[in-house]
Amino acid sequence: MDAFCRLSCFCLVVILVTRAGHGAEVTYDGRSLIIDGQRKLLFSGSIHYPRSTPDMWPSLISKAKFGGLDVIESYVFWNLHEPQPGQYDFSGRLDIVRFIKEIQAQGLYACIRIGPFIESEWTGLPFWLHDVPGIVFRSDNEPFKFYMQNFTTKIVSLFKSEGLYAPQGGPIILQQIENEYQNVEKGFGDKGPPYVRWAAAMAVGLQTGVPWVMCKQDDAPDPVINACNGRKCGVTFVGPNSPNKPALWTENWTSFYQVYGDKTPLRSAEDIAFNVALFIARKNGSFINYYMYHGGTNFGRTASSYIITSYYDQAPLDEYGFLSQPKWGHLKDLHAAIKLCSHTILSGVATIATLGQQQEAYIYNGESGECAALLLNNDNATTVVVQFQNSSYELPSTSISILPDCKNVAFNTAKAILLKKFEQVTAQCNERLILPKLKFDSADQWSEFKEVVPTFDETTLRSNSLLEHMNTTKDRSDYLWYTVSVDSSETQPVLSVDSLGHVLHAFVNGAPAGSAHGTHNNPSFTLERTINLSQGLNNISLLSATVGLPDSGAYLERRALGLQRVTIEDKQGTKDLSNSSWGYQVGLLEESSAAQWSKFGASPQPLTWYKVLFDAPEGDDPLSLNLGSMGKGEAWINGESIGRYWVSFLTADGSPSQTWYHIPRSFLQPKGNQLVLFEEESGNPLQITIGSVSRNKECALVSNSNLLHVNSSKNHKRNS
């Protein structure tokens, strides 16, 4: 627990005492969720428990709470929890019960999106589902519905047994079934709509006592609430499909996921704040979830196709759990301003007044004379001065000013204005600093093992066709060897290999013969190389590698990766090898513990494993592994994968998408830690370092504006 969390503990305990010991009824109407008879305007943030470690959870949740959040949201990760049919894992980072109880211990609510299809740039469905006869994922298909209902029921039963639902005295007030199904529904034809109705009825039938939502599903069946995902739900949301349902925003994207070869996606704090206020004003929004609030790390091989290991690093809490400023502070100030008038917004009579061609006032009048207003300037180029209730207000372009008492500006979405009776919060802009702690620049520190390139005769799995990659590896490994023997009289033919993705390394008689890869938007590619053959029998070995599995679209069970066609062209013509006798090897030798390690060689070679021992650096700052000298592969700390790396896949400006990789402190022991890497290319491990991570260069954005006193005690009512 860090210093930030310790400072918050006293007030969190007080809140816990007020909530423990009794259940809370959770209902809703056309205005908001209603908890224990009180309307709630709720701010929520996504923190995914498998993308962090249990030791980080208290601090992350505490910082989210201090940032003005009321709710923590997370998906449930089916592929991790049920790796084999009927075999469940809720240990370590998968201890969702512990995670939810930590949310409750800090006085917050929980929104749990069971799915169980979740997308989330994650290999979300267990791969064993592919082997179920006759299955069609996410459709009116009995085998899929059987396993989907089994898992959903398992999770709900677990939550009930632990007393985690609000009516039981727990923190869960909202849950989700399915995920953005409307995006793919038409692809399933007449099997789509019945599936939606079945999923809704199945979920409601589990009788959890709290509402269910479906995001991006405009026709979500009653009583399930349809919710919005996106950046601009104040504009794009069609609205609740019933006057008795509230407007909920389940994913307000704080940046976006990043793929290899792309720059880090950015979204400003001002744009997020503006669209939150617009959703509240125009759509009567009463629940906003920031996706992500803490992105975290895609440990292991869990990220979907071409997704980098660091996830939503530009969220309000960065990958390491630090406040990402000014985003965190700006949104905190927004939440504080909205909560000053949330009671009036939810219960008052709403009217709209025109202030100009692109300017409006959204006014809320309470029964006891309370008044709140949101002043909108929708002009994206011009700052304007408007007249409202006999006063002048300057509104920057594309901004909303929040007036909790219809007089004084508490906050403008384009700039922070902190006034009297507002908590003095400094929005700090800072950058991440990584200080070197360990170097591994001595060859004597390293051991290596060169992966053996298999020949056809050394394989036992055979086929007279090119096998589909994913259905052969069964997600046990990223790697699949395709091997074939070729009798040739030509010494320099052209080898052509068509692949559906993602990466290919070619070897001829054990020597490298070229590599190629696809991209996130176009995973298919062709490798074409002139190769050197010997007279007589030759071995061609092709290593196909996936970089995550597909996670979106209709008919995921039909997706294909790996080799599609292999030809050799020489003076005599083109010979198609696709239907030759092929030998296969799933995975790599080291993955099967068959490696024989030796001292570090003279120069780095492709397909090489490296390992080194080190002691944990002193202190408790987060640690990061610098792999800027490597090419492509995966890294492990004491057997725990910290994710794939692909430093050689450069962005348009010639820089890697990611070079630093998070090492959770909980993965380490004081002495004798082991770092293992598998390097596909020819990266140099002697330049690898470990650094400690911190933030600095603070700069205050606090205004010296006039101080404000808000008289309405109802407007000061805590909204949590």
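## Asn 509 and strand β24

In this predicted model, Asn 509 is partly exposed, because its relative accessible area of 36% lies between the 20% and 50% limits. The residue sits in the loop between β24 and β25 (511-517). Most residues other than glycine have a negative phi, and most peptide bonds are trans.

Strand β24 (residues 503-508) contains Phe 507. With a relative accessible area of 5%, Phe 507 is buried. Leaving aside residues up to four places away in sequence, Phe 507 touches Val 453, Trp 481, Pro 512, Ala 513, Asn 539, Ile 540, Ser 541 and Leu 607. Thr 483 is 24 residues from Phe 507 along the chain, and the two C-alpha atoms are separated by 9.5 Å.

## The chain as a whole

The secondary structure of the chain comprises 11 helices and 38 strands. For 720 residues, a compact globule would have a radius of gyration near 27 Å; the value for the chain is 28 Å, which agrees. Taken along the principal axes, the C-alpha atoms fill a box of roughly 95 × 60 × 55 Å.

Of the 720 residues, 58% count as buried. Among contacts with a separation of 6 or more, 74% come from residues 24 or more positions apart. The accessible surface amounts to about 27,500 Å², and carbon and sulfur atoms contribute 48% of that area. The chain carries 59 positive and 71 negative charges, whose mean positions are 6 Å apart.

Helix α6 (residues 192-204) has 13 residues, which should span 18 Å at 1.5 Å a residue; its end C-alpha atoms are 19 Å apart, in agreement. Its buried residues are Gly 192, Tyr 195, Val 196, Trp 198, Ala 199, Ala 200, Met 202 and Ala 203. These buried residues pack against α5 (142-161), β7 (172-177) and β8 (212-215). An α-helix has 3.6 residues a turn, so residues three or four places apart point the same way.

The buried set includes Ala 269, the run from Ile 272 through Asn 275, and Ala 281. Just after α8, Asn 284 adopts a positive phi of about 55°.

## Lys 216

Lys 216 is placed in the loop between β8 and β9 (225-230). This lysine is partly exposed, with a relative accessible area of 24%. Apart from residues up to four places away in sequence, Lys 216 touches Glu 180, Tyr 181, Gln 182, Asn 183, Ala 227, Asn 229 and Trp 253. Lys 216 and Tyr 306 are 90 residues apart in sequence, with a C-alpha to C-alpha distance of 24 Å.

## Further backbone features

A cis peptide bond joins Tyr 291 and Met 292, with omega of about -5°. Met 292 belongs to strand β11 (residues 285-294). The peptide bond from Gln 325 to Pro 326 is also cis, with omega near 10°. Pro 326 lies in the loop between β11 and α9 (327-340).

Asn 638 has a positive phi, near 50°. This asparagine is found in the loop between β34 (632-637) and β35 (640-646). Its relative accessible area of 29% makes Asn 638 partly exposed.

Note on methods. Residues are numbered from 1 along each chain as its sequence is written. This is a predicted model: local features need pLDDT of at least 70, side-chain atom pairs count only at pLDDT 80 or more; totals for chains, interfaces and linings use all residues. Side-chain values use heavy atoms; hydrogens and water are left out. Buried means under 20% relative accessible area, exposed over 50%, partly exposed in between (1.4 Å probe, protein chains only). Helices (H or I, at least four residues) and strands (E, at least two) are DSSP runs, numbered from the N terminus. The radius of gyration is taken over C-alpha atoms; the globule rule is 2.2 Å times the number of residues to the power 0.38. Contact means heavy atoms within 4.5 Å. Accessible areas come from the Shrake-Rupley method with a 1.4 Å probe; for residues, only the protein chains shown count as cover. Lys and Arg count as positive and Asp and Glu as negative; His and the chain ends are not counted. The place of a charge is taken as NZ of Lys, CZ of Arg, CG of Asp or CD of Glu. The expected span of a helix is 1.5 Å times one less than its number of residues.
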